[in-house]
Amino acid sequence: MSAMLDNLSLGFGVAFSGTNLLVALIGSFFGTIVGVLPGLGPTNGVAMLVPIAFAMGLPPDTALILLAAVYVGAEYGGRITSILINVPGEAAAVMTTLDGYPLARQGLGSVALSLSAWSSFVGSLIAIVGIAAFAPFLAQWALAFGPAEYFVLMVFAFCALTSLLGEQPIKGVLAAAIGLSIATIGVDANSGVYRYTFDIPHLADGLDFVVVVIGLFAVAEMLQMLENKLSGQSVEVPPSQRKLFNLRELRLTSGSTIRGSLLGFVMGVLPGAGASVASAVAYANEKRYIEDKDPDAKFGQGDLRGLAAPEAANNSAATGSFIPMLTLGIPGSGTTAVMMGALTLYNITPGPVLFEQQPALVWGLIASLLIANVMLLVMNIPMVRVFASMLSIPGWLLVPGILAISFIGVYAISATTFDLMAVVAIGVIGYLLRKLQVPMAPMVLGVVLGTMMEQNLRRALSITNGDVTILWASMVCTILWVLAAAVVLGPMGYRWLAKRRRAQETAP
């Protein structure tokens, strides 16, 4: 304990220097803007600043603090458009739309924004404490996950997401299947075979996740708004009556925030799992847990607990992803992979000896993560009313503005007009699927999980020359299979027991 306090004292000494504080503030603000803009996301935001930081001759600790502040700032910013206009700023904010947007339509946009900022702060705070206390141990635990374990983890994630299928499970399963099909487009990494490319060279690398998300959410949502406006069915959003959440709402969501934070941290430690998976699993588990206790819960219709859990999880996972980067030299996410590349520019190799060779760098980063999160909380809470004023922008200005920003984000990925055409096509398809009441969340999660699921299955089977017993050979695999079966069969058994109990109570 004393050693950890000494290390934190060293870290705060580095982080509280004037230059590093200014850099953390600039990075937090820039990251929030990056998170707000649909299509950019934290990875692109960090990648844009790497050459700038190096060209300016920033010391390695200052450069890493800048990039980390941008990372956590983007996770904060992604919630803003998700809540206000149903357009996720980045992939991890997809689950925020499920309850955040209905809250905004009910005139609770400011409350939702302030509560999500608080949940994000708590999630990051818990993850920072976890990094400081358990980083070496958790890094060794993460090494127990091989391809087979990751595949079963993805199966567990899909099973956990059965609660997202809604009252029409067939349509939910169809949406997930469409998402998995989209994930298979492109060249097969193992065999080199072109799959579902239809001789279109631009599809050789598959459809970028940003293209799919912008199409299904931004374009489809704008088409829906346009239809409502033309048909006279548009509903005026009542102005927010309150700027901040109250103590009753804080108590209501405290359990969801803590559960989401802990689950997100565990998922963030696993290399490659990412904040997107963490937020999805946290939302699904929270929905199942709350609805079993409170049948009147309105998840998907504006429940604050459905907002707090994924927001806490995605920020906790983003912060937790620094553990495998710092301790193992393995990127925990796409953004930390870019940050590892930045460290190599300074001839610094992340790995097991980094804590011994560069203690000021590591503990300065950990301390700056806490400082950046405090800055973001202080910065975001007063800006809640400003963000919420987006809802008062007239539709004739809002729709083209959002589409223009979305198309800029899509074009920035690979600078091809094909992506622009693809996003329009996907948006039209998404609009038609909405008219058929097909849920979008399972489709997006199918795209997110499909690629990781297939890659790890192929790797696991390659190790054993096709022997499928590897998928349940280890203790970790066995535990995950049991958990997957429990989340699928548990609610069914609970409903059966509840029905039987009610029948006994009503029997003469």
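**Cores, a helix pair and a charged network**

Leucine 113 touches Arg79, Ile80, Ile83, Leu84, Val384, Phe387 and Ala388, leaving aside residues up to four places away in sequence; contact here means heavy atoms within 4.5 Å. The model is a predicted one, in which local features need pLDDT of at least 70 and side-chain atom pairs count only at pLDDT 80 or more, while totals for chains, interfaces and linings use all residues. Residues are numbered from 1 along each chain as its sequence is written, and side-chain values use heavy atoms, with hydrogens and water left out.

Leu113 also belongs to the largest nonpolar core, which has 85 residues; Leu113, Leu153, Leu216, Val277, Val444 and Leu449 are the ones that touch the most other members. Another core, of 54 residues, lies apart from it and includes Ala69, Ala127, Ala342 and Tyr346. A nonpolar core is a set of buried Ala, Val, Leu, Ile, Met, Phe, Trp, Tyr and Cys residues joined through side-chain atoms within 4.5 Å. Buried stands for under 20% relative accessible area, exposed for over 50%, and partly exposed for values in between (1.4 Å probe, protein chains only).

Turning to helix packing, helix 4 (residues 60-85) and helix 16 (residues 359-380) pack at an angle of about 35°, and their axes are 9 Å apart. Helices (H or I, at least four residues) and strands (E, at least two) are DSSP runs, numbered from the N terminus. The axes are lines fitted to C-alpha atoms, for helices over the stretch in contact, with angles running from 0 to 180 degrees between N-to-C directions. Among the residues making the contact are Leu64, Ala68, Val72 and Tyr76 of helix 4 and Leu361, Leu365, Leu369 and Leu376 of helix 16. By class, this contact of helix 4 with helix 16 comprises 14 nonpolar, five polar and two charged residues; Ala, Val, Leu, Ile, Met, Phe, Trp, Tyr, Cys and Pro count as nonpolar, Asp, Glu, Lys and Arg as charged, and the others, Gly among them, as polar.

Helix 4 is also the place of glycine 78. This glycine 78 counts as buried because its relative accessibility is 0%. Not counting residues up to four places away in sequence, glycine 78 touches Gly35, Val36, Pro88, Gly89, Glu90 and Ala93.

Charged pairs come next: the structure holds six salt bridges, each a side-chain nitrogen of Lys or Arg within 4 Å of a carboxyl oxygen of Asp or Glu. In one of them, arginine 458 pairs with aspartate 188, the closest N and O atoms being 2.7 Å apart. This pair links distant parts of the chain, with arginine 458 in helix 20 (residues 441-463) and aspartate 188 in the loop between strand 1 (186-187) and strand 2 (194-195), 270 residues apart. Arginine 458 is partly exposed because its relative accessible area is 25%, whereas aspartate 188, at 7%, counts as buried. Glutamate 454 forms a salt bridge with arginine 195, with 2.6 Å between the closest N and O atoms. Here, too, distant parts of the chain are linked: glutamate 454 lies in helix 20 and arginine 195 in strand 2, 259 residues apart. Within helix 20, arginine 458 and glutamate 454 are four residues apart, about one turn of the helix, and their side chains meet in a salt bridge (3.3 Å, N to O). Through shared partners, salt bridges join Asp188, Arg195, Glu454 and Arg458 into one network.
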